Protein chains: 2
Amino acid sequence: MTVDVYALHAQVSAWLRASRKNILKLMAEPLYVATKSNRNDLVTNVDKQNQVFLTNQIKAAYPEAHIEGEEGTADKIDRLDGLVFFVDPIDGTMNFVKQQAHFAVMIGVYQDGKPVYGALMNVMRNEIIAGGPALPARLNDALLPAVPDLDLADGLLGVNGPMHAKNRLHVGDIAMASSGARMSGSAGMEFMEIALGHQIGYISYLKPWDVAPGMAIVSGMGVVVTRPDGQAIDLLQPGLVVAATPKAHAEILKQMQAD
Amino acid sequence: MTVDVYALHAQVSAWLRASRKNILKLMAEPLYVATKSNRNDLVTNVDKQNQVFLTNQIKAAYPEAHIEGEEGTADKIDRLDGLVFFVDPIDGTMNFVKQQAHFAVMIGVYQDGKPVYGALMNVMRNEIIAGGPALPARLNDALLPAVPDLDLADGLLGVNGPMHAKNRLHVGDIAMASSGARMSGSAGMEFMEIALGHQIGYISYLKPWDVAPGMAIVSGMGVVVTRPDGQAIDLLQPGLVVAATPKAHAEILKQMQAD
């Protein structure tokens, strides 16, 4: 099937706005927090409820779609053919728990492994950034310009905390060669900053639902997103991600592959 | 003299709101950017103009005060007796230049070296956090609760980029022992997050005008601010700063002083 990306955008925007209302309401009530793979990998009742909500919306509108979501209730997939929705009901759960801010709801849509559409909602700021190959990127209703192709030295770089602290793949040195490292704790916030031209890039270890929505948006804005060896992102498994302007991306990969 | 801190707060708030208007107007015009001590230490025409504006306001209202500001036009001081205003006309100039967001205007007022008052304005969000020993901390007109005394493991920690990347004074390891590192590029943003209870602390190398305003606010909220050896902050010179909840502060100092 061919997806009408403008219709999809209208639908997803409505789901995100409804998600936001639900989340704000739940934030006024006690929060139930549990850990997953480690003490800093959290999930809350809000993540779970919002995943159920979004999954139900997607199933009703696109019954043939596969859904891959962070919080387990989604269909498990082992292939990317057909229409696939990647859902992160709360991206930046640690920020959500500790800050009640700086978290996102994210949806990415791919057809046969190719990006169709992505949407990132900053819940507390009531901002949606959306776009894709056939939908010019926008912040709410305002179109966003292409991301300028700056050198690594001329822009701020979002980095993963442990990679930066341990200089894994030279990420600490790479950040020192930029205008400065930034660390927000949310892949969604990082991709938003890239789309806004606030950052030249982002380096992290991401799950499919962390990268799919943002990648669909910024790929259409002149930003390159690959693995550190230059290979395409495999959306079936977690892995390292380098998203950056073409010039900065080339410099980052060169430094990552040194010795 | 004894300062009426409520009158001071009304005055400073008005100056910050006027600064904000000037800055937003100047942001619509071409920006002039120069480097200072290194390629990532920036100053713009907006920093300079806002420092002149704030200095003039302070001089008119408090002619006896000494002023220490980031951008050179201020009086040089080599002592802290009497009334001293610390002024940072744009804190986070790199963010201002690259992001047009995530920067602050900051004023700290000290009497004989003791904190009287601090105010931090997030210009793009139109938010002022202010407070001091005799003025309960507030976000705009809403009073802020005391910062809960969390352990290092239970909160997010703002860190200086190079210290984190180089594990200087074990800052990389300390961040790994927290709930996560965050890096915003603005001391003002970091102190705001602490005052809001979003972060348990912040570790960086700061100039007097970077630390004085935030320290005046959070010291009154149960947060400890010292050098890594536990000594009081000397506001006459730049240096390392550890601001954190009492429990996290003790853990951080212990780790910093190890081997």
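Predicted model: local features only at pLDDT ≥ 70, side-chain atom pairs only at ≥ 80, totals over all residues.
Helices (H or I, at least four residues) and strands (E, at least two) are DSSP runs, numbered from the N terminus.

Residues are numbered from 1 along each chain as its sequence is written, while chains are lettered from A and ligands numbered from 1 in the order in which they are written. Local features need pLDDT of at least 70, and side-chain atom pairs count only at pLDDT 80 or more, but totals for chains, interfaces and linings use all residues.

Next, the sheet. Chain A holds an open sheet of 7 strands with mixed pairing, in the order β3-β4-β5-β6-β7-β8-β9. Strands pair if DSSP finds at least two bridges between them. β3 (66-69) and β9 (142-143) of chain A are at the edges; each has a single partner strand, so one side of each lacks a neighbour in the sheet. Strands β7 (127-132) and β8 (135-139) of chain A run antiparallel, joined by 3 bridges. I129(A) stands opposite L139(A) in β8(A).

Two helices meet this sheet. Helix α6 (187-195) of chain A lies across β4, β5, β6, β7 and β8 of chain A, at about 105° to β6(A). Helix α7 (208-218) of chain A touches β3, β4, β5, β6, β7 and β8 of chain A, and its direction also makes about 105° with that of β6(A). Axes are lines fitted to C-alpha atoms, for helices over the stretch in contact; angles run from 0 to 180 degrees between N-to-C directions.

| Helices | Angle | Axis separation |
|---|---|---|
| α1 (5-27) and α2 (45-61) of chain A | about 155° | 10 Å |
| α1 (5-27) and α2 (45-61) of chain B | about 155° | 10 Å |

That makes α1(B) roughly antiparallel (over 145 degrees) to α2(B). The contact in chain B includes W15(B) of α1(B) and F53(B) of α2(B). Its residues divide into 7 nonpolar, 6 polar and no charged.

Conventions. Contact = placed C-beta atoms within 7 Å. Parallel < 35°, antiparallel > 145°, perpendicular 65-115°, else oblique. Nonpolar A, V, L, I, M, F, W, Y, C, P; charged D, E, K, R; others polar.
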